[in-house]
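Welcome! Here is a short briefing to read alongside the sequence and the 3D view.

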Amino acid sequence: MVAVLVLASALVCGCGGGSNNSAGGNTTPPPAQNAATPTVSTAAAQGGAVVVSLADSTSGATIYYTLDGSTPTNTSMQYFAPFLVSSNLTVKAIAAASGYLNSSVLSKDFAPNIASGTLVWSDEFSNGGTTNLLPDAKTWTYDTGFRCCGNNELETYCAAGSSTAPCDPTNPNAYADATGILHIAGRHTSGTTYTSARLKTQGLFSFMYGRVEARMKLPESQGMWPAFWLLGNNIKTVSWPACGELDVMEHIDGNNPPLYAGGQPLGYDWIAGSVHGGSSSKEENGHSGGSYTASGFSAADWHVYGMIWSKGKVQYYVDDPSNVYVTYNSTDSEWSPVAWPFDQGPQFMILNLAIGGDWPGNPDATTVFPGDMQVDLRKDLYQLIGGDG
């Protein structure tokens, strides 16, 4: 069964007439109109949670909103994507547009009263047929192109069904098989040409706070770099890393990791769980210690990779949420020169399989293709706290 789990948490989260001057013929400009008040719509999630969407009818309007009951201003969170509401809160929103006064305030109360530990959203990559299916386009979109996303990676990321070379719609890089397992396939098509997929929920689904996890089976060959991670919706306005990056799982050649940043290979299989914030001139990567290993652990076997995200705190675990292997806090000393970015708004999820790049190094003669990142994606999100939190 495919699952990225989300457990519920605190969020998730009149034109006046002008008059002519008979002497000079000047026209008094009409008073400015207010932008239209935003509207809210909801779609059922799970366990009583809802996915909230905001919209505005004023052309070019920007929506600003809050989740704590405070009155939004032009410095509040901007709305970029539907977000999960799984706890008791009030959404307030305004619209701002050039040539208009700010709108009146939309206010919408939510009281789902969901118990802690309730499953509030999931994507099981269900497939009731006998042939492979593409991931649900209502939830997943794609980053695409050759070296689209930095790190000197070698792959071309392909969208679902893309026929743009070197992508091949008859051999998609992301598909759900008949058993409900998501596969992200890293393919070697010829020479130095590789294809893969980078799925994301950007613009379609986001959340703030909760326990999120996915059960995965990872490729371990040299040059394979699978990851399960999140970025802030506000990446459109503040860029990376100020938007915040939450890495639930990253993995490279666990049997013999290559040299990186002057360090020595660990020589055993391990998972990295990290956080990133700050600015391009002052990136903050969180304190050391964000790696997991255990006797007999192999990422080539099925394991659950999870994150517990609450206000001012991010924790990571493998298999057992009661056995956290690293905790990051907003009060950690490394965040004193830069802003902790993980309480500033909802984030979207990413699942990808990179090939090559600065961290894992390039594939070699030992690399097995296709690389197969499998997600038994209980894309599951759980409520962290009950009721009004």
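Is Glu-213 buried or exposed? Glu-213 is buried, with a relative accessible area of 6%; buried means under 20% relative accessible area, exposed over 50%, and partly exposed in between (1.4 Å probe, protein chains only). Please keep in mind that this is a predicted model, in which local features need pLDDT of at least 70 and side-chain atom pairs count only at pLDDT 80 or more, while totals for chains, interfaces and linings use all residues. Residues are numbered from 1 along each chain as its sequence is written, and side-chain values use heavy atoms, with hydrogens and water left out.

**The chain as a whole**

- The protein chain has 1 helix and 27 strands; helices (H or I, at least four residues) and strands (E, at least two) are DSSP runs, numbered from the N terminus.
- Of the 389 residues in the protein chain, 52% are buried.

**Confidence**

- The average pLDDT of the protein chain is 89, and 87% of the residues score at least 70; pLDDT is the predictor's confidence in each residue, from 0 to 100.
- Residues 12–23 have a pLDDT below 50, and beyond near neighbours in sequence this stretch has 29 contacts in the model, where contact means heavy atoms within 4.5 Å.

**Salt bridges**

- The whole structure holds 5 salt bridges, each being a side-chain nitrogen of Lys or Arg within 4 Å of a carboxyl oxygen of Asp or Glu.
- Glu-213 forms one of them with Arg-211, at 2.8 Å from N to O. Arg-211 also counts as buried, at 16% relative accessibility.
- Lys-138 and Asp-136 form another salt bridge, at 3.2 Å from N to O. Here Lys-138 is exposed, with a relative accessible area of 65%, and Asp-136 is partly exposed, at 32%.

**Aromatic pairs**

- There are 17 aromatic pairs in the structure; rings of Phe, Tyr and Trp (its six-membered ring) pair if their centres lie within 6.5 Å, with planes under 30 degrees apart counted as stacked, over 60 as edge-to-face and the rest as tilted.
- Trp-225 and Trp-359 make an edge-to-face pair, because their ring centres are 5.7 Å apart and their planes stand at 85 degrees. The two belong to distant parts of the chain: Trp-225 is in strand S18 (residues 224–232) and Trp-359 in the loop between S26 and S27, 134 residues apart. Both Trp-225 and Trp-359 are buried.
- A cluster linked by ring pairs takes in Trp-121, Phe-205, Phe-207, Tyr-209 and Trp-309.

**A look at Thr-367**

- Thr-367 sits in the loop between strand S26 (347–355) and strand S27 (371–383), and Thr-367 is buried, with a relative accessible area of 10%.
- The side chain of Thr-367 reaches the backbone oxygen of Gln-222 at 2.8 Å and the backbone nitrogen of Asp-364 at 2.9 Å.
- Apart from neighbours within four places in sequence, Thr-367 is in contact with Ser-221, Gln-222 and Met-224.

Note on methods:
A polar contact is a pair of N or O atoms within 3.5 Å; within protein, one must be able to donate a hydrogen and the other to accept it, and residues adjacent in sequence count only if both atoms are side-chain atoms.
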